[in-house]
Amino acid sequence: MNNFNIIKHNNTQEWSRIINNSVNFDFYHTLSYNLLEKEGEPTLLVQTLEKSFIALPIIIRDIQNSNYKDCTSVYGYAGPITSEPFKIISKDLLKQFQDNMVTFFKENKIISCFSRLHPVFENYKILEGLGKTIDLNKTIVIDLNLPIDEQRRKYRKSNKYEINKLKKNDFVVTEAVNETEIDEFIDIYTDTMRRVNASDNYYFSRDYFYSFLQNDSFESKLLIAKRNNVITAGAIFTITNKLMQYHLAGTKTEYSRDTPMKLILDEARLLGNKLNLNHLHLGGGVGGSDEDSLYRFKSGFSDLNLNYKVWQFISNQEIYNQLVKDNNNDIESSFFPQYRA
């Protein structure tokens, strides 16, 4: 059997079947998460050869003031998924996937495609030789396969001290159990984004949070740090395919110096161990260097870092250049696609 299928967002059963039969999927690949995108049509491109497959979830969008489209990936770590580990994927399957995907783009007037890739699964290998794969920054991961004490030994010395201090000062971490706690976390998260001058991409509606936490495609947990029954900080974690992801987090302004998020991350790690997970992926920062405060914060929990890559592909360079020109965009801009800069 050899075919290339386009799975639309209304085909819930088939999308779920493909995801659940993949060896390298995360919650970013699920239909539930893709449906949270504000713009565009979630689509799953699937190339099958005999009993093996490669699939790529994308969001197809209209390009304003034109008859053309482009595609992107969801916020987070997406990219291709496969039925077997990359090392045993056949060259024929790889070639058919890439060739048929390019044909699909051209036939549907999709001028460019951008996809964030997954650092833990290294799925950039599926796209090698097609378009450009770019190293963006580093991400931090805690190896939960190590003994618990060894995991903690990898913490920065100041982290160990501050976590112990938080416990002595009566900070505790629990899972949010009601709407009141969820609503308070949403307010804390939004205020945190304002405080750090986050871009519009980091703001979400209340419906988004409830849809995320109550979806039926992947497990999520909202952990909150309290002191004297006051919520001081919170973070959403996902659990999919033996992998825990640190997703969205925020700290109340008046508790920012106490850094209760450090206690939340330590408790999340312990939870990951109880659930027999392989990794707790903390993600990266803005630039993925020691000068980046968010990256430095995360790197205090582990010395294991991964390469975060993105994929850029142009299916029609002539039309792409014309779109950049029509939109008066800077041809030298590093933003991709440039006509959306």
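Student: Why is Asp62 called exposed?

Tutor: Asp62 has 53% relative accessibility, and exposed means over 50% relative accessible area, buried under 20% and partly exposed in between (1.4 Å probe, protein chains only), so Asp62 counts as exposed. Keep in mind that this is a predicted model, where local features need pLDDT of at least 70 and side-chain atom pairs count only at pLDDT 80 or more, while totals for chains, interfaces and linings use all residues. Residues are numbered from 1 along each chain as its sequence is written, and side-chain values use heavy atoms, with hydrogens and water left out.

Student: What makes Asp62 and Lys69 a salt bridge?

Tutor: The closest N and O atoms are 2.7 Å apart. A salt bridge is a side-chain nitrogen of Lys or Arg within 4 Å of a carboxyl oxygen of Asp or Glu, so the pair qualifies as a salt bridge. Lys69 is partly exposed, at 30% relative accessible area.

Student: Why are Arg269 and Asp266 separated by about one helical turn?

Tutor: Because they sit three residues apart in helix 8 (residues 261-274). An α-helix has 3.6 residues a turn, so residues three or four places apart point the same way. The side chains of Arg269 and Asp266 meet in a salt bridge at 3.0 Å, N to O, and both residues are buried.

Student: What makes Asn34 buried?

Tutor: Its relative accessibility is 1%, and the limit for buried is under 20%, so Asn34 counts as buried. Asn34 belongs to helix 2 (residues 31-34). Leaving aside neighbours within four places in sequence, its contacts (heavy atoms within 4.5 Å) include Trp15, Tyr28 and Pro57.

Student: Which parts cover the buried residues of helix 7?

Tutor: Helix 2 is one of them, and the cover also includes helix 6 (179-195) and strand 9 (219-227). The buried residues of helix 7 (residues 206-213) are Tyr208, Phe209, Tyr210, Phe212 and Leu213.

How values were computed: Helices (H or I, at least four residues) and strands (E, at least two) are DSSP runs, numbered from the N terminus.
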